[in-house]
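Here is a short tour for a first look. Take a moment with the sequence and the model before reading on.

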Amino acid sequence: MAELVGVYAASHGPLIARDWHRLPDHLKQRLSAAYGELGRRITETGADVIVGLAPDHWTNFFLDNLPALCIGIGEEHGGPPEPFMRDFAPDPIPGDPALGRHILETALANGFEPALSYRLRLDHGLCLPLSRMTLSRMPRIVPMLINELEPPMLSYRRCLAWGRLLRSAIASYPAPARVAILATGGLSHSIGEPTMGAIDEDFDRRCIDALTRGEEGPLVDLLEHGAARAGNGAHEIRNWAVAHGAADCRGFELLDYLPAPDVYVGCAFAAWRV
Amino acid sequence: MRDYWLSKLCFDLQEPARVADYRRDRAAVLDRYPLKPEVRAAVLADDVAHLARLTNPYLLRYYFAAAGMPDAEFIARLRAGASDPDAATAGG
């Protein structure tokens, strides 16, 4: 039987890769320490598969075909297309078609309707944290890409339900596998809006407090009513909500939070109690 | 609402080879997209505020990065557009 060995989250941002050499040393040190700690913890779990919860930054999908949630069930996935991610390895990225398909079938059997893909390209949203974590070896990846760029989107309550579904799917997977979950994105940030560059630190801290305490109702209320005002990038907190549900809303340990205007993102890093 | 062909232009310009083509001959690339005249005019005028109302913000950012506009200028134009009541009602 498969085992859920850890649930983690990390922010991402293109400038963390593209402008790395220009960022202040103190910011690079904090970011490196946070990503490195996540990498150390994931390595310690011995995870051989990571379910990656991430947005699709207009990489695989466009306005002519835009699934609310898509599960990658291919044997491999394409690496990031962005030029600033060209040093990312490996490319292609190994997938886990059996686990991916099991999650897909479990979802369909329980009232969820995800899309599927046999060949996704994984952009900086997932690959930037993976590369900065400097994992000792790259686990197989089952991507779950959630529409967090173009409204309408999944409700936060539905994201929690998706997390519980994911937890039950992993628990019922009959093959031996050590499975970690990695949510990426958020917290507050704004891209291509007049508030671009602004970070809503108050919102971020309330969000972190609710996640730390293991709340469900207050968290949903906060996200449903507050996330949209924290910038369009805050829609990516849906990934954190799925992770929260997968961790049975048991609360998390905040590894670091740094509002980082240099990269336009309120950056947070966390590990749930599973 | 989204303007599909403007959005498609922004989406396509994520590819570096297309960016090079676009910077070399903007009009020739625009000819491949059936843009409405007012949208084409806004593209040619780098009218950030007008285009912001017609496409996804991420795609808008990709477009102006491809067009060579620095982030600071892009953000300044977004903010100017948001605070301009005439711009806010034009072109909806």
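## Where the chains meet

Two residues are in contact if their C-beta atoms, placed from the backbone, lie within 7 Å. The model is predicted. Chain A gives 14 residues to the contact, and chain B gives 16 residues. On the side of chain A that touches chain B, 8 residues are nonpolar, 4 are polar and 2 are charged.

## Chain B

Chain B holds 8 helices and 0 strands. Its pattern along the sequence reads α-α-α-α-α-α-α-α. The C-alpha atoms of chain B fill a box of roughly 35 × 30 × 20 Å along the principal axes.

How does the radius of gyration of chain B stand against that of a compact globule? For 92 residues, such a globule would have a radius near 12 Å; chain B has 12 Å, which agrees. Of the 92 residues of chain B, 35% count as buried. Take the contacts in chain B with a separation of 6 or more: residues 24 or more positions apart account for 72% of them.

## The nonpolar core

The largest nonpolar core has 114 residues. Tyr8(A), Leu53(A), Ile181(A) and Ala243(A) touch the most other members. Helix H5 (residues 156-171) of chain A supplies the largest share of this core, 8 residues.

Leaving aside residues up to four places away in sequence, Ala243(A) touches several residues, among them Val7(A), Leu53(A), Ile181(A) and Trp272(A).

## A hairpin in chain A

Strand S9 (residues 252-260) and strand S10 (residues 265-272) of chain A pair in the antiparallel sense over 8 bridges. Asp256(A) stands opposite Phe269(A) in S10(A). S9(A) and S10(A) form a hairpin with 4 residues between them. In the turn, Tyr264(A) has a positive phi of about 70°.

Most residues other than glycine have a negative phi, and most peptide bonds are trans.

The peptide bond from Pro151(A) to Pro152(A) is cis, with omega near 0°. Pro152(A) lies in the loop between strand S7 (140-146) and H5 of chain A. Another cis peptide bond joins Gly186(A) and Leu187(A), with omega about -5°. Leu187(A) is in the loop between strand S8 (177-184) and helix H6 (201-213) of chain A.

Asp248(A) has a positive phi of about 60°, and Cys249(A) has one of about 55°. Asp248(A) sits in the loop between helix H8 (237-246) and S9 of chain A. Cys249(A) is in the loop between H8 and S9 of chain A. Which is buried and which is partly exposed? Asp248(A) has 17 other C-beta atoms within 10 Å, so it is partly exposed. Cys249(A) has 22 C-beta neighbours inside 10 Å, so it counts as buried. The cut-off for buried is 20 or more.

How values were computed: Residues are numbered from 1 along each chain as its sequence is written. Chains are lettered from A and ligands numbered from 1 in the order in which they are written. This is a predicted model: local features need pLDDT of at least 70, side-chain atom pairs count only at pLDDT 80 or more; totals for chains, interfaces and linings use all residues. Ala, Val, Leu, Ile, Met, Phe, Trp, Tyr, Cys and Pro count as nonpolar, Asp, Glu, Lys and Arg as charged, and the others, Gly among them, as polar. Two strands pair if DSSP finds at least two bridges between them. Helices (H or I, at least four residues) and strands (E, at least two) are DSSP runs, numbered from the N terminus. The radius of gyration is taken over C-alpha atoms; the globule rule is 2.2 Å times the number of residues to the power 0.38. A residue is buried if 20 or more other C-beta atoms lie within 10 Å of its own, exposed if 12 or fewer, and partly exposed in between; C-beta atoms are placed from the backbone. A nonpolar core is a set of buried Ala, Val, Leu, Ile, Met, Phe, Trp, Tyr and Cys residues joined through C-beta atoms within 7 Å.
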